[in-house]
Amino acid sequence: MKKILVFIITIFAFSILVSATTIIFDNFNNGNADNWKVVEGIWYVQNGTYNTDINNPISHYSQTIRTFSVSSDYETLADLRIKESLRGSISGGDHQGICTYYTDESNNICVSLHPLEFGVSKVYLWVYENGNYSQHEFVYSNGISLGTWYKVKISISNNLINVYVNNIQTHNDVPTSL
């Protein structure tokens, strides 16, 4: 099964674990983004981080992918930082995220950090399965701030999704068939 990762954020360190074995790891310390494919936007490696330019003249978002194959339970770990607001202020609509599973627009699993949505920081889990969509919202009481690094872990085990931000569980046992 082919899976594709989608990032819309600054990435510091990234890894995919299957049964405690790392199958992909990239900390970008070598100064390049080997095996990452830019889908949309402007991406670059700088000081050991993988960055997107928020002044994307083509669209309002940036996307990069790295493919991998896995046929069992796995975890995606990423250090993520929202450098600055895409719209010049942090209000509803600004968000950055990661997809741990992506085959197409109709089949993917994504987590998104929202610094401020109507006065509250939130973490969303979106699951698209065969075109059917489910959204799972979590109010992150610790707050999500611009310029701060967050450790995001997405764990998929026995067809259940669990999400953690800075070791705080935000989503528990959300079912998936992907």
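Entry 1. Burial, to begin with.
I call a residue buried when its relative accessible area is under 20%, exposed when it is over 50%, and partly exposed in between. I looked up F28 by this rule: its relative accessibility is 1%, so F28 counts as buried. I note here that the model is predicted.

Entry 2. Aromatic rings.
I found 6 aromatic pairs in the structure. One of them is F28 with W36, with 5.9 Å from centre to centre and 45° between the planes, which makes the pair tilted. W36 is buried as well, with a relative accessible area of 9%. I then looked at Y124 and W126, whose rings are stacked, with 5.3 Å between the centres and 5° between the planes. For Y124 I wrote down a relative accessible area of 3%, which is buried. W126 counts as buried at 14%. I kept both numbers for each pair because a pair of aromatic rings is described by the distance of the centres and the angle of the planes. I also noted a cluster, in which ring pairs link F28, W36, W43 and Y50.

Entry 3
How many salt bridges does the structure hold? I have 3 in my notes. In one of them E75 pairs with K153, and the closest N and O atoms are 3.7 Å apart. E75 belongs to strand β10 (residues 74–81) and K153 to strand β15 (residues 149–157), so this pair ties together parts that lie 78 residues apart in sequence. E75 is partly exposed at 23% relative accessibility, and K153 is partly exposed at 26%.

K153 has a further entry: its charged end sits over the ring of Y164, 4.7 Å from the ring centre.

I went on to a salt bridge between K151 and D79, where the closest N and O atoms are 3.1 Å apart. K151 lies in β15 and D79 in β10, so parts 72 residues apart in sequence are tied together by this pair. D79 is buried, with a relative accessible area of 13%. I also have the side chains of D79 and K151 listed as a polar contact, at 3.1 Å.

Entry 3. Strands β13 and β14.
I next looked up the salt bridge of K122 and E137, which has an N to O distance of 3.2 Å. This pair links distant parts of the chain, with K122 in strand β13 (residues 120–129) and E137 in strand β14 (residues 132–139), 15 residues apart. Which of the two is buried and which partly exposed? K122 is buried, with a relative accessible area of 11%, while E137 is partly exposed, at 44%.

I turned to the strands themselves. β13 and β14 run antiparallel and are joined by 8 bridges. V123 stands opposite F138, which is in β14. The hairpin of β13 and β14 has 2 residues between the strands, and in this hairpin N130 takes a positive phi near 50°. For β13 I counted burial along the strand: 8 of its 10 residues are buried, so β13 is largely enclosed by the rest of the structure.

Where is the disulfide, and which residues does it join? The structure holds 1 disulfide, and it joins C99 to C110 with an S to S distance of 1.9 Å. The link is right-handed, with 95° about the S-S bond. C99 is in strand β11 (residues 96–104) and C110 in strand β12 (residues 107–117); the pair links distant parts of the chain, 11 residues apart. I checked how far these cysteines are covered. C99 is buried, with a relative accessible area of 8%, and C110 counts as buried at 11%.

Entry 4. Looking back.

Notes. Residues are numbered from 1 along each chain as its sequence is written. This is a predicted model: local features need pLDDT of at least 70, side-chain atom pairs count only at pLDDT 80 or more; totals for chains, interfaces and linings use all residues. Side-chain values use heavy atoms; hydrogens and water are left out. A salt bridge is a side-chain nitrogen of Lys or Arg within 4 Å of a carboxyl oxygen of Asp or Glu. Helices (H or I, at least four residues) and strands (E, at least two) are DSSP runs, numbered from the N terminus. Buried means under 20% relative accessible area, exposed over 50%, partly exposed in between (1.4 Å probe, protein chains only). Rings of Phe, Tyr and Trp (its six-membered ring) pair if their centres lie within 6.5 Å; planes under 30 degrees apart count as stacked, over 60 as edge-to-face and the rest as tilted. A charge sits over a ring if NZ of Lys or CZ of Arg is within 6 Å of the ring centre and within 35 degrees of the ring normal. A disulfide is a pair of cysteine sulfur atoms within 2.5 Å. Two strands pair if DSSP finds at least two bridges between them. A polar contact is a pair of N or O atoms within 3.5 Å; within protein, one must be able to donate a hydrogen and the other to accept it, and residues adjacent in sequence count only if both atoms are side-chain atoms.
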